[in-house]
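Me: I am new to this structure. Please take me through it with a few questions.

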Amino acid sequence: MAALFEGLTVCTLSGGKSRGQLGVLGVEAGSEADRIVVTDLGRSVTVYQVSDQKPLGSWTVKQGQKLTSPAVFNSQTGEFAVVQDNKVLRVWRDEDVNFDKVFKATLSADVHRLHAVPSGEPLALFERGAVRQLDTLLAVPQQEVESILSENEVIRWSVCLSEANHHAVLFATEKDDEYFLYLQKLNPDVLQKYKMGTVDSNATPISFTATLQSKTVTMMCLYSSNCVYAFTLPWHSAMSEEMRTLPATLSLQLPGLGCVLTEGAIVSLDDAHIAVLGAPCSTELSDKDLLSIWNTHFQTLQASKKLAGGINGQLWCYEGKLYVPHGKVLTAVPYHCEKSSLAAALGRLKHTTSEEGRPTALDWYSFLEGEATVKVIQTRRSKLTRKSTSQGTATSSINSILEEVKSASQENLVKILESYLSNVQDPDLQVSVCQIVSELVVRCQTDTKFFPRNALLQLVRTERLSYSASPDLLMLALEKQDFILLQMCLRLFPDIPEAATCACLKSFLSTPDTTLDDASVDLERISFIESLSTSSATKDKTQNGFSPSLLEEDSCDIQITTPKQDQTSDWMDINLPCPVSLKKAALLNDVLQITYTENFLLPHLKDLSVQQVLVLLQYLWFLYIRCAHGTGNLPPSFKGPSLNQILDWVSLLLDANFAVLVLTPQAKHLLLQLHKFVRCQVKFFSELSKIEGSLQQLHRIKKSNENSLYSIEVLHLF
């Protein structure tokens, strides 16, 4: 058997709104097993830590320049390489910050793409079929490159294959509706050319994949006729002027025979399993936005997974994960394939548990009489019957629920889901909830009057959902202005991208208070504000480096036009009124506590209007005053933003919008007060640093060995 597990959202995709404009230029393996290098369709290369779902570094070329080949990691030198504008080769390291100053070399011919080589130098495949090692190109960038392909012959696909220390590039070309295969090996330089045998006059290749085993290269091709054909060619072969034609062998017949496949992808997982993207999994379902695993030895479907938002025919596989762009995200889907056997292909492979794995004790005397044989057979049959019955019941149950969801009323949905969720087994809950939510979201998008709010809340509260599993749910709640559902998603989704975070922030800031007055909002995360204002009224105001006296003693280089009394009363008074309504404050608090990456959040914060930035800065300052003065009195159940989160958001807003704020007269007073506050912090910590040496001296003083009941000891601090 094979299995597809819950996917992780690696990143959001940039591009237009249409389906064909979204995707990535390529995904390559990184320096470690859990890292990948993503090259987008525009101008950026980003390294991601997949398990953390966060970027580790990003590099972007200038406006007007374009990346034309996926970036690769050179395991020999620890460097990255990418091709810009077809001829410019860029090489850099992790620590390089300024992408304009990295090494660049202009080549003499256009490069089709770079290929990473395990434990070797990357290979460059040129548009006319020549192959070179990266180090030789860097040594002599303007070296002459031969042309192997004939006129009007173009490369459609390529891959790097390795055996021991021998590497080669296998690439497929097209000319006049005929397809050819080239195997270009290096050291020694050997070129093999083959013609792909025709399979159907109306079928065209959609996707390719290749493997190398036992000195035989097997290339599999997905055709528009929903068929996968295999072509085999030898790894070692003498050069010959006569071109051979490779016969096509039908490897897999996918469902949907008769319909034309326009986009899709295949990837070989092992010698018996392939991953297929974009083909229907059964003759009854016409949905093509599916990722599936098939056993090519036995022609059986092993696992399938629906992808929300639509696919664009791209698929990669590294370190037990499938990477697929769909909708507006790039998702990593872990998979597992067992050793191919008839039992595994049919789903009958026995997994021994602690109970079933115990050996059965046989009485050999009764065995001769046949009693033990009958007993063992009956026991195994009963276990297989119970197992198949439970699997069949679970499958039929979720299928029946999905059918009911398509037509049930909003009132009946809650009852149906309550009954189903109370009976479903825990291992099946996450998959079931994701499927039900996807079906409900699709129905809401089709029927604008349909919005099962209570049913969606019921599913979100199971805590089995994530943004990657249902990316359209958060946007649907935002569109419907269902703030309770939005708050639940913001609190329970662990992988909300920065673009979605900023979209919620803009929506909350632009929503009029009159709209919020009639809306339902959970005020749990602002209940601390009132308690802090009363409990800290008599508290000393010198906390976290914040002191009115220090502000009064501090001198600012810029004169503030407002009276001094107003300056202190506006910013030192803990009874400063909240600049937004309580309901809006509750929504903003949920956004402020979402995890993010600064490099990816900053561009989205620049889209905020000046008025929105001012309101948010004023609210953050209000929160800081309340939290700073009430730090010692925070209740154990405190759920508001922390001081660090508040100050981080202030810094991000200033970094993203400082130039605009400087030119805005309404922001002058706010910027001056923030400037004085920062200087106050610097002065406070400089005073602390003055006694740092004295405090360190205490650790060096040897303790007295006097054990008398009373003594006086003089410590000399320098």
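Me: Which residue forms a salt bridge with Arg132?

Reply: This is a predicted model, where local features need pLDDT of at least 70, side-chain atom pairs count only at pLDDT 80 or more, and totals for chains, interfaces and linings use all residues. Residues are numbered from 1 along each chain as its sequence is written, and side-chain values use heavy atoms, without hydrogens and water. A salt bridge puts a side-chain nitrogen of Lys or Arg within 4 Å of a carboxyl oxygen of Asp or Glu. With closest N and O atoms 2.6 Å apart, the partner of Arg132 is Glu146.

Me: Is Arg132 buried or exposed?

Reply: Buried means under 20% relative accessible area, exposed over 50%, and partly exposed in between (1.4 Å probe, protein chains only). The relative accessible area of Arg132 is 16%, so Arg132 is buried.

Me: How many residues apart in sequence are Lys584 and Asp513?

Reply: Lys584 forms a salt bridge with Asp513, with closest N and O atoms 3.7 Å apart. Helices (H or I, at least four residues) and strands (E, at least two) are DSSP runs, numbered from the N terminus. Lys584 lies in helix α15 and Asp513 in helix α11, so the pair ties together parts whose separation in sequence is 71 residues.

Me: Which residue forms a salt bridge with Lys54?

Reply: Lys54 is partly exposed, at 24% relative accessible area. Its closest N–O distance to the partner is 3.5 Å, and that partner is Glu498.

Me: How many salt bridges does the structure hold?

Reply: Side chains of opposite charge can pair when their charged atoms come close. In this structure, the number of salt bridges is 14.
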